[in-house]
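Visitor: I would like a quick tour of this model. Please keep it brisk.

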2 protein chains.
Amino acid sequence: MLRHTYEGQDCNLARTLEVIGERWSLLIIRSALLGTTRFDGFLGSLDIARNVLSARLTRLVDQGIMERVPYQDKPVRYEYRLTDVGRDLTRAVVALMQWGDRNLPQELGPPRRADHVGCDGAVHVELRCEQCGRAVHDEEVDVVRLR
Amino acid sequence: MLRHTYEGQDCNLARTLEVIGERWSLLIIRSALLGTTRFDGFLGSLDIARNVLSARLTRLVDQGIMERVPYQDKPVRYEYRLTDVGRDLTRAVVALMQWGDRNLPQELGPPRRADHVGCDGAVHVELRCEQCGRAVHDEEVDVVRLR
């Protein structure tokens, strides 16, 4: 957590960024969504120093985003799994990833895809109005202050 | 841009974070979504130093997220507006904000809401399958490597 990074901001985007906005944190969560669970797995998927990875995982566990679960007895070894709170970041992670797919395109195409398990269709992030039920375009969204 | 922060990561989440992952950048974009356009407006809505704000705005313009548009002639003064590429971050910003609404709740309730212009319903972010057309739960999403 970037402690007090955005102090004075009465905003849940700011609060969210204080939890997951630190360098590497969202990429660790992405690797967990890709199925990585073990320390060495995260280390292999990220160009990150062991001590930084260790600190980030500890922080994510402290924040309730991941949990540390023993997978072996002697010696005890642990793996890291997303909690429901962590998995609830799926929409945000996919939204950021697909913004990159659209706006920072590469010759070889997107390196990852979000699939619908069982159906294998591509999953996309969309905005929907709770009242009228319609899909909402970006320019139809008005972010308003409530206080 | 956090230059080379995530070098070696063949991932569009990493690429996106290199563009907008710098401290304050997403909050500047949030303020723009709330209707702020002028330098002093951003300064008033963020507890940020003038030089940092200036550097961030310049970077966002360089990256094509915002554009600098004159609004006065003598002396020439500029305002900052989201481009289509910047507005395309709406889903990601709302997804992160609403993750905070759900998981970091406050006594007074969420300080901001995303409204559907014209209908005034609340807008939510959801995952949808392109193939079967269904809304998709977090646990039904499989992020897969394509290369």
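**The contact between the chains**

Guide: Glu130(A) sits in the loop between β4 (123-129) and β5 (135-136) of chain A; strands (E, at least two residues) and helices (H or I, at least four) are DSSP runs, numbered from the N terminus. This is a predicted model: local features need pLDDT of at least 70, side-chain atom pairs count only at pLDDT 80 or more, and totals for chains, interfaces and linings use all residues. Residues are numbered from 1 along each chain as its sequence is written, with chains lettered from A and ligands numbered from 1 in the order in which they are written.

Visitor: Is Glu130(A) buried or exposed?

Guide: Buried takes 20 or more other C-beta atoms within 10 Å, exposed 12 or fewer, partly exposed lies in between, with C-beta atoms placed from the backbone. Glu130(A) has 11 such neighbours, so it counts as exposed.

Visitor: Which element gives the most to the side of chain B that touches chain A?

Guide: Contact means C-beta atoms, placed from the backbone, within 7 Å. Chain B brings 71 residues and chain A 71. Elements giving two or more residues on the chain B side include α1 (12-20) and α6 (90-103). The top contributor, with 13 residues, is α6(B).

Visitor: Which strand of chain B pairs with β6 of chain A?

Guide: Pairing needs at least two bridges found by DSSP. Here β6 (residues 141-145) of chain A has an antiparallel partner over five bridges, β3(B). Val144(A) faces Arg113(B), which lies in that strand, β3(B).

Notes:
Contact = placed C-beta atoms within 7 Å.
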